[in-house]
Amino acid sequence: MQGSFNTPDTHKYSVILPTYNERKNLPIIIWLLARMFTENQLSWESGWDQEIAKQLATLYGEDKIVLKPRAGKLGLGTAYIHGLNFVTGDFVIIMDADFSHHPKFIPQFIRLQKAHNLDIVTGTRYRSTSTPYSSDAQPGGVHGWDFKRKLVSRGANFLADTVLNPGVSDLTGSFRLYRLPVLRHIITETVSKGYVFQMEMMVRARALGYSVGEVPITFVDRIFGDSKLGANEIVSYAKGIWVLFTTI
């Protein structure tokens, strides 16, 4: 989706929304994004890789929805790489389309980036304040998960933080704002797939000397669709930590 405004903010923000099993979510997430960017008078565009987006393009107009389909589920990392071939903004926002990432936090990402000239801003479920500090941040958290899933997530982040020392509190999150050249650079260095991809992106960002800020977010478990986290992803995550520890 695209929009532009005559405001002091001359940047354009591209949103990449990889979709798989999010058929029911797309109309609502599109509306939330459009409202947020319009209210904050920010220039933007967004793209999807899901068949249902064709119907939405008919409703909203093909000039507002950028549809770039792929052949089936090919992995999260490759979805971002695919999306980067088509973005036109100088900043890129990556987020999920299952309502776990609410667009209302994007203005905080942008304000923190501007205030400290950051290369990356990432959402975190595990901080009560932003880093660097911002007065408008509220404590982060998770809603809709049982104790076991919270324990797995906390344990995964604790393990990665202890072994890799990445300097961020939420390595497994996937709600982030990047400068476009920074994202392109990091992706060319990243070799992991699936959920390990997000972790490696942050570890490599620090190793390459890029500045990273964190904004607390409220993470809500998906409303529609099926969870993509399985045993294979957990095993891959553990292997990924070991590979990063031995290679970076």
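Residues are numbered from 1 along each chain as its sequence is written, and side-chain values use heavy atoms, without hydrogens or water. Because the model is predicted, local features require pLDDT of at least 70 and side-chain atom pairs pLDDT 80 or more, whereas totals for chains, interfaces and linings use all residues.

A nonpolar patch on the surface is formed by Leu159, Val163, Trp242, Val243 and Phe245, with about 470 Å² of accessible area together. Patch members have over 30% relative accessible area and no salt bridge; nonpolar side chains (Val, Leu, Ile, Met, Phe, Trp, Tyr) are joined within 5 Å, and like charges within 9 Å. Areas come from the Shrake-Rupley method with a 1.4 Å probe, and for residues only the protein chains shown count as cover. A salt bridge is a side-chain nitrogen of Lys or Arg within 4 Å of a carboxyl oxygen of Asp or Glu. Helices H5 (147-164) and H8 (231-247) each give two or more residues to the patch, and H8 provides the largest share, 3 residues. Helices (H or I, at least four residues) and strands (E, at least two) are DSSP runs numbered from the N terminus. Phe245, found in H8, is partly exposed at 45% relative accessibility (buried is under 20%, exposed over 50%, partly exposed in between; 1.4 Å probe, protein chains only).

The count of aromatic pairs comes to 6. Rings of Phe, Tyr and Trp (its six-membered ring) pair if their centres lie within 6.5 Å; planes under 30 degrees apart are stacked, over 60 edge-to-face, and the rest tilted. Phe109 and Phe175 form a tilted pair, 4.8 Å centre to centre with 40° between the planes. Phe109 lies in helix H4 (residues 106-116) and Phe175 in the loop between H5 and strand S7 (176-179), so the pair ties together parts 66 residues apart in sequence. Phe109 is buried at 1% relative accessibility, and Phe175 is buried at 1%.
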